[in-house]
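Please look over the sequence and the structure shown here before reading on. The notes that follow are grouped by topic.

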Amino acid sequence: MTDRSLEGVSLVASSRLPLREIAVGASALAALYFLPSYLSDYWLRVLISVAALVVASLSVSVLFAQLGMVSLAQYGLLGVGGWFALRMSHGTGAPFELALLTGGAAAALVGLVVGLPALRMRGLYLAIITLMMAGAIQVLISAFGFPDGGAGILGKSTGARVMMARPFLAQSDPAYFRYAVVIAAICYLLVLAHLRGRPGRAWAMIRRGEVCALAGGVHIVAYKVWAFALAGFLAGIAGGLLAGGVGQLDGSAFPASQSIMLFALTIVGGAYSWFGPIIAGLMLRAFPALLNEFHVDGNIATMVFGVGLLHALMTAPQGIAGQLADAFRSVSKLVKGNGGTTA
Amino acid sequence: MIEIDDLTVLFGGVRGLSALTARLPEPITGLVGPNGAGKTTLINVLSGFIRPARGSVSVDGKDLKGIPVHKRAAFGIRRTFQNEQVVENLSAADNVAAVLDNVPTDGQPRRALIARALDFVGLGAKANVLGRNLNAYERRMVEIARSTVGSPRLIMMDEPGAGLAQDESEHLRQVIRNVHRHCGAQVLLVDHDVDLISATCAATLVLDFGSSIAYGPTPDVLADPKVRTAYLGVLEEGA
Amino acid sequence: MPDFTPFLVSGLALAATYVLSAVGIVVLYRASGVVNFAQGAVGALAAFISWSIVERGGPESLSWLAGVTVATLVSLAYGRLIAPRLVSTDPITRAVATLSFALILLGFMGYLWGEGPRRLRLPTDTMSFELLGVRVTLTRAIAFGLGVSVTAIVMLFLAHSRMGLQMRALASNRELSAMLGVRVFRIDGWAWVISGVLAGVSGVLLADLQRLSGQTLTFAVIPAIAAAVIGRFASLPATVAGALAIGVCEALLTPVPVIGPFRSATPFIFAVGAMLWMQRKPVFVYR
């Protein structure tokens, strides 16, 4: 996808500090700090999962918005990250943070090893290979399951299943929720740091055109690899977060269709906006939970999401977040009145 | 110094370049010829986008054959494009930084280098303006700024003068004339604007059908009857 | 040393379904530039329709025909109603759109029929004959026969018929073809029809040979796409060879200890291998 589709939306700001964004972010974090006290246990757990999925969606959006790369394997890589995080935690008793990082690193590595052949080729081949990767991960995970306290390579327990040890600072659900939100915020900052630095500039050059990038000295494959590794890392972190939140992961919960849905919802939520992954996480987890409450079949959600993606592709590449941003802009123009100055 | 030896490029049956041989030592050299003569093809060979079927090309004594495309910028081969390649989402400064990331800086502070490049082309005040908010001429200047950072050896400009207003054209000539003094690079200027070539280039190479039909000091070349016939047209009587 | 012959036989039948699906994908891609990720889902729909008709007491021998018809209509509907709106976008967008189509179908089938275990039974399942000491059901024989004959028909069609010529023109250069008077829209439509028929037939066969499950059948597009990758989305002979290799390999791995349960990763290995092979000589295309 070329820069055409990024008209009017920019993830790469100029070098001035985005004070407005930081203020918004800080107040949002503050609000989230107080949120747990108003939620039921069930919804608190749902939101913990949402936080993990936001990071997973962020991984999809970085690849798509920065390089037009379609990865249909990110949820599978989330599973890989979760597996390694669980294995690390159960097997060595390592602190949660270390397990999280292990999950991230493992997912990044797996993603790279598998995706590398396709990174040199047309983007279509990456979509194909990641779809197959998701399928292969599905087969492996449903065969091996997730570590739950046992010994041996697979770490399967013969007795009772052991829950993943939560971080020292965040044992209770409300505390873990805040912890997850902080990790998500750190992941956002990690992405921001990339965008402001060398990788972001190189990715922008690649997006502009292969010719532009090559003439400017950018090693295209190397930077695509970097982006893919980052995305894998984020997905792995999300897996660790999810494992810590739920306590254990289910081997049957990682079908290839979940990776497709994650991709679809990231586009629908808005791949080119910071807010998009948040919308995607909510839709992926909170929407089905909501349907559950009203006893509506989960398959309806799948259909709705499919329609949503189709619609987004045909009409609004910026997704819901982009349309919200547009609406916000038109409203603020109205409010400022004619002749008002823009900030 | 550009040395071209027996360079041949084949597009299927068409000879884009046909046993081209030339030595281009001047700080600013013009490259002219009718459409399809092979000017852009030659630049693309130098950039590394096209592999020649035969022959070789060297810059400052180094054969370019072994240098992979993405490493040529670091070696010192830069260019500006007919269809400008400025990144819209990045500021002018970031556009220059994007190239500076990949070329030698000799330990100098990056911000200073970027500022110097932008000042050179007259965009010092617009360093933080996003690419999409720059007009066409400013974008061309950004491309030129990009090509002057990090010890370039050769800057190839592909029709930078197309569609410019009078004052922009003047400014462009100034910039081109000062490039060598500013960063030490040789300039290879491709353009159809004969006045631009005359005003800036000490020597000019004329191509037709993929080979050289004339090379020498610009006024002599432009007066050459062979060049007139192939490219400029016959001078009207009494004009 | 396990006896591989029965697995070879079942592998050939399985491979034939992959061949049908893969041919559909390549023909559609060559005519319209769309990689149809929904090929499997459309096939699954055909299988479910067939199954429903039999469940309700309809004639077994015609149920599959209804299924294939529905598959064709659905495929044509997408090709005529949705695909044209995306014709100006890049190949990835168009491919991802078919993915969303697959999601919609997947949700639809899950909603109507759920994921409970079922088998699709065709009347030809009970008829069989002996070959090389192995019982070959008529279904398997038909599958293999269809795989071979359909491929031959399609290749002859593309090479010698007028519409085949027009499809090849479209694949080569869409805009130029339009200027030359090729009825792009119409030819496109026919490509979607061919794709739908092939999807339906392979879906019904696969549901019979393996299992009638929305998820499994939808993702059976993966081996088909792997075969298309091997054929570089251009060469039908290579695609067919790839599909045969994948199907037979997958089946032959069934009795092998340790690796057996993971044989469904076979298409993946083949596709990666094909991609690595394609890159052995670095090529930069300057546009």
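This is a predicted model: local features need pLDDT of at least 70, side-chain atom pairs count only at pLDDT 80 or more; totals for chains, interfaces and linings use all residues.

How many residues lie between β1(B) and β2(B) in the hairpin that they form? There are two residues between these strands.

- Strand β1 of chain B covers residues 2-11, and its antiparallel pairing with β2(B) runs over seven bridges.
- Within this pairing, L10(B) is opposite R15(B) of β2(B), and V9(B) is opposite L17(B) of β2(B).
- In the turn of the hairpin formed by β1(B) and β2(B), G12(B) has a positive phi of about 65 degrees.
- In a regular strand, side chains point by turns to one face of the sheet and to the other.

**Where chain A touches chain B**

- The contact joins 21 residues of chain A to 23 residues of chain B.
- On the chain A side, the elements that give two or more residues are α7 (198-208) and α8 (210-215) of chain A.
- The largest share of that side comes from α7(A), which supplies six residues.
- By class, the chain A side has 10 nonpolar, seven polar and four charged residues.

**Where chain C touches chain A**

- Here 38 residues of chain C and 36 residues of chain A take part in the contact.
- Three helices of chain C, namely α4 (91-113), α10 (221-230) and α12 (266-278), each supply at least two residues of the chain C side.
- Of the chain C side, α4(C) gives the most, with 16 residues.
- The chain C side divides into 29 nonpolar, seven polar and two charged residues.

**A helix pair in chain A**

- Two packed helices are described by the angle between their axes and by the distance between those axes.
- Helix α10 (residues 256-269) and helix α11 (residues 276-293) of chain A pack at an angle of about 130 degrees, and their axes are 8 Å apart.
- The helices α10(A) and α11(A) are therefore oblique to each other, and their crossing is right-handed.
- From α10(A), the contact uses M261(A), L262(A), L265(A), T266(A) and G269(A).
- From α11(A), the contact uses G276(A), P277(A), I279(A), A280(A), M283(A) and L284(A).
- The contact of α10(A) with α11(A) has eight nonpolar residues, three polar residues and no charged residues.

**A buried helix in chain C**

- In α10(C), 10 of the 10 residues are buried, so this helix is largely enclosed by the rest of the structure.
- The buried residues of α10(C) include V221(C), P223(C), A226(C) and I230(C).
- Among the elements that cover the buried residues of α10(C) are α5 (123-144) of chain A and, from chain C, α1 (5-32), α2 (39-55), α9 (214-218), α11 (236-252) and α12.
- Just after α10(C), R232(C) has a positive phi of about 55 degrees.

Key
Residues are numbered from 1 along each chain as its sequence is written. Chains are lettered from A and ligands numbered from 1 in the order in which they are written. Two strands pair if DSSP finds at least two bridges between them. Helices (H or I, at least four residues) and strands (E, at least two) are DSSP runs, numbered from the N terminus. Two residues are in contact if their C-beta atoms, placed from the backbone, lie within 7 Å. Ala, Val, Leu, Ile, Met, Phe, Trp, Tyr, Cys and Pro count as nonpolar, Asp, Glu, Lys and Arg as charged, and the others, Gly among them, as polar. Axes are lines fitted to C-alpha atoms, for helices over the stretch in contact, and angles run from 0 to 180 degrees between N-to-C directions. Angles under 35 degrees count as roughly parallel, over 145 as roughly antiparallel, 65 to 115 as roughly perpendicular and the rest as oblique. A crossing is left-handed if the near helix is turned anticlockwise from the far one by less than a right angle, and right-handed if clockwise. A residue is buried if 20 or more other C-beta atoms lie within 10 Å of its own, exposed if 12 or fewer, and partly exposed in between; C-beta atoms are placed from the backbone.
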